Amino acid sequence: MRFAPQKYNLTHFTRRRGFDLEVPVKLQGTEVHPKPTVRILGVILDTKLHWKAHKEAVAQKMTTQMLALQRTTAST
């Protein structure tokens, strides 16, 4: 099995106030820095698991889909 470090996303899940969310991890000699949000199987998770980032992404996608639907069903 071979790992591709450039494809890894790192985030720390915690609701603790004093926790340092910027601690990087070394993976096969490559340093991976944490991100505030990650996408896993289509679900966007943030560090505090409040779902705000996922709700915003769904709302944006819904807006785009509604505009596309309106364009296809509009009378010409």
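Predicted model: local features only at pLDDT ≥ 70, side-chain atom pairs only at ≥ 80, totals over all residues.
Glu22 sits in the segment before strand 1; strands here are DSSP runs of E with at least two residues, helices are runs of H or I with at least four, and both are numbered from the N terminus. Is Glu22 buried or exposed? Its relative accessible area is 57%, so Glu22 counts as exposed. For reference, buried means under 20% relative accessible area, exposed means over 50%, and partly exposed lies in between (1.4 Å probe, protein chains only).

Thr47 is 25 residues from Glu22 along the chain, and their C-alpha atoms are 11 Å apart. Thr47 belongs to the loop between strand 4 (43-46) and helix 1. Thr47 is buried because its relative accessibility is 12%. Leaving aside residues up to four places away in sequence, Thr47 is in contact (heavy atoms within 4.5 Å) with Thr11, His12, Phe13, Thr14, Leu21, Lys35 and Pro36.

Residues are numbered from 1 along each chain as its sequence is written, and side-chain values use heavy atoms, with hydrogens and water left out.

The average pLDDT (the predictor's confidence in each residue, from 0 to 100) is 82 for the protein, and 96% of the residues score at least 70. Which element has the highest mean pLDDT? That is helix 1 (residues 52-73) with 90, while strand 1 (residues 25-27) has the lowest at 78.

Strand 3 (residues 37-40) pairs with strand 4 in the antiparallel sense over 4 bridges; pairing requires at least two bridges found by DSSP. Across the pair, Val38 stands opposite Leu45, and Arg39 faces Ile44. The hairpin has 2 residues between its strands, and Leu41 takes a positive phi near 50° there.

## A nonpolar patch

Helix 1 contains Met62, which is exposed because its relative accessible area is 53%. Together with Met66 and Leu69, Met62 forms a nonpolar surface patch with about 320 Å² of accessible area, computed by the Shrake-Rupley method with a 1.4 Å probe, where only the protein chains shown count as cover for residues.

Patch members have over 30% relative accessible area and no salt bridge; nonpolar side chains (Val, Leu, Ile, Met, Phe, Trp, Tyr) are joined within 5 Å, like charges within 9 Å. A salt bridge places a side-chain nitrogen of Lys or Arg within 4 Å of a carboxyl oxygen of Asp or Glu.
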